[in-house]
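Good morning. I will take a few minutes to go through one structure, starting with the ligand and ending with the helices.

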Amino acid sequence: MPLTVLASAHLLAQLTVGGLRVEYLTNPIGIDVLQPRLSWRIASTRRNTMQSAYQMQVDTSETSLTRGAKALWDSGEILSDASVFVDYAGPPAVSRTRYYWRVRIWGGDTSGRGSPWSPVAFWETGLLQAADWTAGWIGPPPTASDSLPSPSPLLRRAFRVSDRVRAARLYVTSLGLYELYLNGQRVGDQLFTPGWTSYRRRLQYQTYDVTPLLRSGANVVGAMLGDGWYRGNLGFFGQRNLYGRRLALRAQLEIRYASGRTERVISDAEWKATVGPVLTSDIYGGETYDARRELSGWADAPYDDREWGAVALLDPPPPALVASMSPPVRRVRELRPVDIRRAPSGETIFDLGQNFTGWARLSVRGPAGTTVTLRFGEVLDRDGNLYTANLRGAGQTDRYTLRGKAREVYEPHFTFHGFRYVAARGLPAPADSTTITGIAVSSDLAQTGSLVTSDSLLNHLQRNIVWGQRSNFLDVPTDCPQRDERLGWTGDAQVFARTAAFNMDVAGFFAKWLSDVAADQDPSGSVPWVIPNPLGGDSVRFAGTAGWSDVAVIIPWTMYLTYGDRRLLERQYPSMRAWVDYARRRAGSDLIWRPGWQFGDWLALHSDDPSYPGATTGTDLIATAFLAHSTDLVSRTATVLGRDDEAAAYRARFQAIREAFNREFVSSTGRVGENTQTAYALAIAFDLLPDSLVSSAARRLALDVEAREHHLTTGFLGTPYLLHVLDATGHIGDAFALLTQRTYPSWLYPITRGATTMWERWDGIRPDSSFEDPGMNSFNHYAFGAVGDWMYRNIGGIDVDSAGPGYRRSRIAPRQGAGLTSASASLETVYGTLTSAWRLNQQRFELDVTVPANTSAEVTLWDARLDHVREGGVPLNAREGVRSARQRGKDVVVDVGSGRYSFAVTP
Ligand code: BGC
């Protein structure tokens, strides 16, 4: 075998293709995208691997695909380096069809032969046409108490399977929440289905592969319904039925027999209804469950349902049914009590050691009729009793009545609680560590990021940020999980989105939620405070607020930067434009928006202490700053989408607002607005100041920080930008000092008071140990966790280069400070794993970097001399994968291709 072939065979072996995804999902079933986008990851042991071409094949038969038979669609060899979100360009997808696909690539070697084919993956379509649905809407017969808390209805339908089943799919949705059973088995492990969307306009359905659950002969499908967001208590005005009064199910079971025959079992008048053990279940209030009313075997056969009544057929106003494509809500963690004690109230307090969202699994044995009451809370009061004043109107109480046989294990169905402590009353036996188990529930988002430093308090902060995200990403990004709110607050989501996208894969999660942003957006372009918006209102009432409504622009842009998702930008562009055009109209002819009362820099430091004044930034400054910023982002979006005229128009508008901002709020010596930290943070972060004034403005900011002995004053809107602005203007020392400050107000102060999640307020528990105003004092709000983004990008040192969205091009530039001696960060990008790990080894700064194949990175080594830098122990210019290296002032900048690198910098 000639040497060249051997060489290329060796080269080829190092390139593999895998991690095939459709949209954001792996082997999804029930999607409704006609032309899905396909992505893959390249693994190569060689550095500097770039794809030069790809070939994709799609077919409805896996065998013929792997046998190389003629495929339904074959792209042929396409000269392109795209490996993420590549459009499927074959025949339009049809309903209920599984499409198998595979890909191979060229690149990274000179041989011209492609890589081996990837493993075969698939996607399966759901019901793409409204006409595909023949199932009706069914529900329990109407009662006088439909608008009141009432028992959860059970619906069931017996049917026969008469032949060998090849495949079976169950397509389901509901008004209210549903749990589905087939032959006594729970279908799937998803919770709170069909999820919360803007119900009047969009309602999700789920698709389940139920083939393994069917059996020949008698079968039963059953469903239990719950009030949920549809008709339960919702919002802070104590209202119910905000979307409707009657619960309903729409279910369509499609059985494909081996014979080729198909059969459907649909929701219709054949079904029967009754009520079961769930007496009431409310998201805020909790659940009351009487196990003596359980109907054992109700969702199985044989079962005598002659006592059951007929279902009612409903004809609700039809929202568009859309396939759910965001990660479902699931049980994600179990927590054991770290302490069990008796409270002065007489209750038994179980401390689960972590504030989170979910419920308690109760495990008890006792006489029938015994009722155990479980109350949930985030903190204990000074006496050691459960503190619940901050829950406001949310009862957060589960009541379980024993049926009195053997050991009983209970978990609620249609409620969730925000808590660390469980206070139990009525336990039939002394408590032990098995009596209560914490069940954490959340949207089941893949963890994509990790950040660990040599500072245990900063690691604790990172953990609190992640738990805050896990607690509040429950199908929608909520502000908090415990009180009578738990709403999709837009401002909180926009300030936290970038941090969220480091910690977890939020692509599908936000893609779903942004559809609701657009769906609930007012025709005027105004965006409601909360999404989905059950509060009603109009373009101004509960809507149209700077910093909150800008979510319509900021999150699509953040998702584009993080995932390179151009189609999401395209989809949201009309909504993005509508918002900035609306906000422009709200501003005066001088382009200054004077909105009067708005949230502004919500929960910025307020202080009655004259020696330590609070910091209130004018809502006109904030509104005008966000108007400028969002206009700028819309201009950049138009550029990405190739809408050059619109890009130029919005660019011009941005410039004009910028000038107006300077006229109105900036002095000739760089003083901005009310001289608050937020005023400077927004003005500099949004590029609103002339270059000549940036450093004097930044100096004024740093002076304020130092005058306050390195304490911050920022609220929801200023906080995300504060440290970025300080480090970008040469005040990195002040940034680190603020970050590692332990006294109030600071990010670490709550941790010194025992916090395990992010607090809504800087002083949820005041330095004198009293609690802040219970009317608004959540101990699980992620908004101030927006600092996580700065920690990843500056301490970990990984960031995206906006010229290479999706981390096609990354920046690796870790900063040292605050006595840190090491830190490591990693991020699962759409291209693969990006890592940066540094340590100080005596005087040497050592940095290990991993850059995914088909991407590149710019590595910055601060305060370094080019000739004092080594990679793999040798000078840079001799290294494979090092595309260039240069001295940039006091720093060294190295441009690298994909691969693993070990840099060392000696003084
Ligand atoms: C919510 C916040 C929200 C704020 C706006 C609060 O009640 O909890 O998340 O951003 O209101 O005012």
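How do the residues of the shell around the ligand divide into nonpolar, polar and charged? There are five nonpolar, one polar and five charged residues in that shell. For the classes, Ala, Val, Leu, Ile, Met, Phe, Trp, Tyr, Cys and Pro count as nonpolar, Asp, Glu, Lys and Arg as charged, and the others, Gly among them, as polar.

Before going on, a word on the source. This is a predicted model, where local features need pLDDT of at least 70 and side-chain atom pairs count only at pLDDT 80 or more, while totals for chains, interfaces and linings use all residues. Residues are numbered from 1 along each chain as its sequence is written, and side-chain values use heavy atoms, with hydrogens and water left out.

Back to the ligand. The residues around the ligand are D479, R483, E485, W489, D492, W548, F599, W602, F716, E760 and H781; a residue is listed if one of its heavy atoms lies within 4 Å of the molecule. Some of them place polar side-chain atoms by ligand oxygens. For D479, the distance from a polar side-chain atom to an oxygen atom of the ligand is 2.7 Å. For D492, an N or O atom of the side chain is 2.5 Å from a ligand oxygen, and for W548 the corresponding distance is 3.1 Å. Taken alone, the ligand exposes 300 Å², and the protein buries 96% of that. Such areas come from the Shrake-Rupley method with a 1.4 Å probe; for residues, only the protein chains shown count as cover.

Next, the aromatic rings. Rings of Phe, Tyr and Trp (its six-membered ring) pair if their centres lie within 6.5 Å; planes under 30 degrees apart are stacked, over 60 edge-to-face, and the rest tilted. The count by this rule is 58 aromatic pairs. One of them is Y289 with Y400, a stacked pair at 5.7 Å centre to centre, with 15 degrees between the planes. Y289 is in strand 21 (residues 286-290) and Y400 in strand 31 (residues 397-401), 111 residues apart. Strands (E, at least two residues) and helices (H or I, at least four) are DSSP runs, numbered from the N terminus.

Why does Y400 count as buried? Because its relative accessibility is 2%, and buried means under 20% relative accessible area, with exposed over 50% and partly exposed in between (1.4 Å probe, protein chains only). Y289 counts as buried too, at 8%. The rings of Y289 and Y410 have centres 4.9 Å apart and planes at 40 degrees, so this pair is tilted. Y410 lies in strand 32 (residues 408-410), so the pair ties together parts that are 121 residues apart in sequence.

Ring pairs also link F236, F237, W489, W529, F542, W548, W597, F599 and W602 into a cluster. W489, W548, F599 and W602 are also among the residues around the ligand.

Last, the helices. D520 is in helix 6 (residues 507-520) and is buried, at 10% relative accessibility. Its side chain joins that of R201 in a polar contact of 2.6 Å. A polar contact is a pair of N or O atoms within 3.5 Å; within protein, one must be able to donate a hydrogen and the other to accept it, and residues adjacent in sequence count only if both atoms are side-chain atoms. T624 lies in helix 9 (residues 619-640) and is buried at 0%.
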